[in-house]
Amino acid sequence: MAAGSTHWMRHTYGTHAVAAGMPLDVVQQNMGHASLDTTTGYTTTEERRRMKAAEAAWKKTALQLDTPLPSTSL
């Protein structure tokens, strides 16, 4: 952990807190953000991660059913 910076640790905390379902206002307060807009940046990463996981599941299901997938824009 010697290579980890305080910025990296804060970002990791925010990302994992949002991923675990912690309310954004709580994450905002814990991280000391003056604006909720700053905290909402962590939700974009989480949404992208969830969409990739959903797409992987759709592909697996389509392969099992042998049906084509609709086009997506990720």
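Me: Which residues of helix 1 are buried?

Reply: This is a predicted model, in which local features need pLDDT of at least 70, side-chain atom pairs count only at pLDDT 80 or more, and totals for chains, interfaces and linings use all residues. Residues are numbered from 1 along each chain as its sequence is written, and side-chain values use heavy atoms, with hydrogens and water left out. Helices are DSSP runs of H or I with at least four residues, numbered from the N terminus; buried means under 20% relative accessible area (1.4 Å probe, protein chains only). In helix 1 the buried residues are Gly-14, Thr-15, Ala-17 and Val-18.

Me: Which residues make up the largest nonpolar core?

Reply: A nonpolar core is a set of buried Ala, Val, Leu, Ile, Met, Phe, Trp, Tyr and Cys residues joined through side-chain atoms within 4.5 Å. Helix 1 and helix 2 are the elements that give two or more residues to this core. Its five members are Ala-17, Val-18, Val-27, Met-31 and Tyr-42.

Me: With which residues is Val-18 in contact, leaving aside its neighbours within four places in sequence?

Reply: Contact means heavy atoms within 4.5 Å. Val-18 is one of the buried residues of helix 1, and what covers these includes helix 2 and helix 4. With neighbours within four places in sequence left aside, the contacts of Val-18 are Leu-24, Val-27, Tyr-42, Thr-43 and Glu-46.

Me: Is Glu-46 buried or exposed?

Reply: Glu-46 is placed in helix 4, residues 41–65. Beyond its neighbours within four places in sequence, Glu-46 is in contact with Val-18 and Ala-19. Its relative accessible area is 6%, so Glu-46 is buried.

Me: What separates the C-alpha atoms of Glu-46 and His-16?

Reply: Along the chain, Glu-46 and His-16 are 30 residues apart. Their C-alpha atoms are separated by 8.8 Å.

Me: How many Å apart are the end C-alpha atoms of helix 4?

Reply: The expected span of a helix is 1.5 Å times one less than its number of residues. Helix 4 has 25 residues and therefore should span 36 Å. The computed separation of its end C-alpha atoms agrees with this, at 37 Å.

Note on methods: Buried means under 20% relative accessible area, exposed over 50%, partly exposed in between (1.4 Å probe, protein chains only).
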